[in-house]
Amino acid sequence: MTLLADVVRAEREDLVALLATLGPEQWATASLCAGWTVRDVAGHLAWAAGAGGRELLGDLVRARARPNVIIAETAVRWARREPAVLVEELRRAAADGAKPPGMPATAVLVDAVLHGLDVRRPLGRPRPVPAEAFAPVADFCAGARFPSSALLGGPVRRRLAGIRLVAEDRDWAHGDGAEVHASGEAVLLVLSGRPVDPDELRGPGAATLAARL
């Protein structure tokens, strides 16, 4: 049985390996995160892994404890680092297992997997999400409540109301109602509030779900 810590490390290392190959234009490419470039995504991940307790507290106070504001502001600030510096910081975090104080390992995995998709899709550098990473990320997103849901495009329960979401290439499904079938990758995008091409959704509930995204 693969340990969760090993899965987290593998996903982080895979993203670092991709980022290390990028040129200036690719770093400046718009990611799936609205308003963020690939470099901003890397800045966010570096902040999440590397900010100390005092810095985190200061960020919390300045943003008045609003999660989306904290994340948006710190991503842009940390993205001012040179790409090579960001890559090295992320490589070190993957090796050390660094994470924000109190953040569970599953949430770290969610960050690595979803932000990997945020970067890979716009760059045209696809990579299937491994089964051992997919299930915990999908379960976490499907069960997210506030404040976590605020970082996933809003209430997931409302988005999936009356829908049974089925991953075609994974042994995973969630919800009750009209079925919507999609690839595992598209399922993660739906669950996390990312943009999805309606053509990627199939089944009697597809049109309803697409209208909510």
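Two strands are taken to pair if DSSP finds at least two bridges between them, and the views below apply this to a predicted model.

**View 1. The open sheet of three strands.** With mixed pairing, the strands follow the order β2-β1-β3 in an open sheet. The edge strands are β2 and β3 (178–182), each of which pairs on one side only, and the twist from one strand to the next averages 20°.

**View 2. The pairing of β1 with β2.** Strands of a sheet pair through backbone hydrogen bonds, either parallel or antiparallel. Here β1 and β2 pair in the antiparallel sense, over three bridges, and Val166 stands opposite Ala173 in β2.

**View 3. Helix α8 and its buried side.** Helix α8 comprises 12 residues, 131–142, and reaches 16 Å from its first C-alpha to its last, close to the 16 Å expected at 1.5 Å a residue. Its buried residues, which have under 20% relative accessible area, are Ala133, Phe134, Val137, Ala138, Cys141 and Ala142. Because these residues cover an arc of only 140° around the axis, they lie on the same side of α8.

**View 4. The surroundings of the buried residues of α8.** The buried residues of α8 pack against the helices α1 (4–19), α7 (105–123), α9 (156–159) and α10 (184–191), and also against the strands β1 (163–167) and β2 (172–174).

View 5. Helix α10 lies across β1, β2 and β3, and runs at about 140° to β1.

Technical notes: Residues are numbered from 1 along each chain as its sequence is written. This is a predicted model: local features need pLDDT of at least 70, side-chain atom pairs count only at pLDDT 80 or more; totals for chains, interfaces and linings use all residues. Side-chain values use heavy atoms; hydrogens and water are left out. Helices (H or I, at least four residues) and strands (E, at least two) are DSSP runs, numbered from the N terminus. The expected span of a helix is 1.5 Å times one less than its number of residues. Buried means under 20% relative accessible area, exposed over 50%, partly exposed in between (1.4 Å probe, protein chains only). The arc is that of the directions from the helix axis to the C-beta atoms. Contact means heavy atoms within 4.5 Å. Axes are lines fitted to C-alpha atoms, for helices over the stretch in contact, and angles run from 0 to 180 degrees between N-to-C directions.
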